[in-house]
Amino acid sequence: MSCPELAVLGGTPLFEKPVPVGQLYFPEWEKYEAAMRGIFQRQYYTNQGPLTQELEQRLQERLQVRHVICVVNATIGLMMAADALGLRGKVIVPAYTFIATAQSLSWTGSEPLFCDVDPITHQLDPECVERLLEEHGAEVSAILAVNLWGDACRQDRLAELARKYAVRLYYDSAHGFGCELDGKPLGGAGDLEVFSFHATKVLSAAEGGCICTNDDELAARLRNIRSSYGAGPARQVLRTSNGRMSEAQAAVALLSLESFDSILARNEAMFHAYRQGLEGIQGVRLLTPASVSKTNYQYVVCEIDERAFGLNRNELQQVLSAENVVARRYFYPGLHRFVPYADQFPDASARLPVTEYLCERVLQLPIGQMVDAEGAGRIAAAIRMAGACAESIRRKLREAA
Ligand SMILES: Cc1ncc(COP(=O)(O)O)c(C=O)c1O
């Protein structure tokens, strides 16, 4: 590849149609049709139907947990979790995460206390957690940690802190399905974990998610909250919701689960193609999930250092967009800069240097069903060329602005 071949400098785009970041698994049509035919024959759309029950059973076995409670999406799962845990006051959450992590607290009247993350792994920084626990004392009722990017937090250290300060600990594991820590699947840590089965996740229900816990009482509370005092032993809860997963969602999730090993193998091949293709490019750091013993390659996350690469992250995003590669600034901005938090916590930026740094540098590249290893290699080659042609690209972008 040479400079003029880059689409931003007048060449032909690498891809004919936009290639998104996410996974977007679609089952084979015949299998999907058969699953839907079953739903029609049973005349049973929702309310803890046979497919949802089967999915919960399979997930319990796979994740080695006592209870799996399937839900309509992970955001509702996180809201139900905050309610079932009886959270009040402040909850420590990373500022570098998806907005739903913090918003789930607002629905139940508690408020986020933003914490910084580790600069190498991007996971919640336990030293920052401890500082906040010391500073805010009894106002804090829980730590909501996020297992980010197909990697995991320092769970042992967080568990120690939760014990020492007598607060609840639970996990947003929206990115974590299929990952293992010390050879054990994510799912059984803390009081509970919440997974997402959104279309962009490695296990897809189109929309969906589940809550995992080994705590029988918590599971009973969650089942009552999910389903307006529905299935299982009745419990007095503060409020109920409708977090039920439909049979159509469960059908897609079961098919996705059937193909899960091949989905992961495909992701792994793509990740290696990126690693090879990006190796040695000055100013591009590809994150490799290193805390887990097995990752799901949910995301391809790069940090772009403008001084070494020649272009900043936003400029590289424009270069890739011209190639029809929809790279994303995930997460941007940090949660502390979102409405309504920016007004609530005007001084937060100074306390979150790593989050601030990452929000300006991180770029996600496509992985999943809409690209393959060969495509990943071509994207990496375009990035290499962008670095080599940085000066002319910058000139071109400035002319166009
Ligand atoms: C870290 C994190 N938490 C929660 C969610 C919300 O998941 P859902 O879309 O299933 O509600 C997402 C979605 O991408 C996420 O990235």
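Here are some questions and answers about the predicted model shown above.

Local features in this predicted model need pLDDT of at least 70, side-chain atom pairs count only at pLDDT 80 or more, and totals for chains, interfaces and linings use all residues. Residues are numbered from 1 along each chain as its sequence is written, and side-chain values use heavy atoms, with hydrogens and water left out.

Me: How many helices and strands does the protein chain have?
Reply: Happy to start there. Helices (H or I, at least four residues) and strands (E, at least two) are DSSP runs, numbered from the N terminus. For the protein chain they come to 16 helices and 12 strands.

Me: Why is the protein chain as compact as a globular protein of that length?
Reply: The radius of gyration is taken over C-alpha atoms, and the globule rule is 2.2 Å times the number of residues to the power 0.38. For 401 residues that rule gives 21 Å, so the chain is as compact as a globular protein of that length because its own value is close to this, at 22 Å.

Me: Which residues come nearest to the ligand?
Reply: A residue is near a molecule if one of its heavy atoms lies within 4 Å of it. There are 14 residues around the ligand, and those that come nearest are Thr75, Asp172, His175, Ser196 and Lys201.

Me: What are the classes of the residues in the shell around the ligand?
Reply: Ala, Val, Leu, Ile, Met, Phe, Trp, Tyr, Cys and Pro count as nonpolar, Asp, Glu, Lys and Arg as charged, and the others, Gly among them, as polar. On that basis the shell has 2 charged, 4 nonpolar and 8 polar residues.

Me: Where is Pro333, which a cis peptide bond joins to Tyr332?
Reply: The bond between Tyr332 and Pro333 has an omega of about -10°. A cis bond also joins Val339 and Pro340, with omega about 0°, and Pro340 is placed in the loop between H11 and H12. Pro333 lies in the loop between helix H11 (313-322) and helix H12 (341-344).
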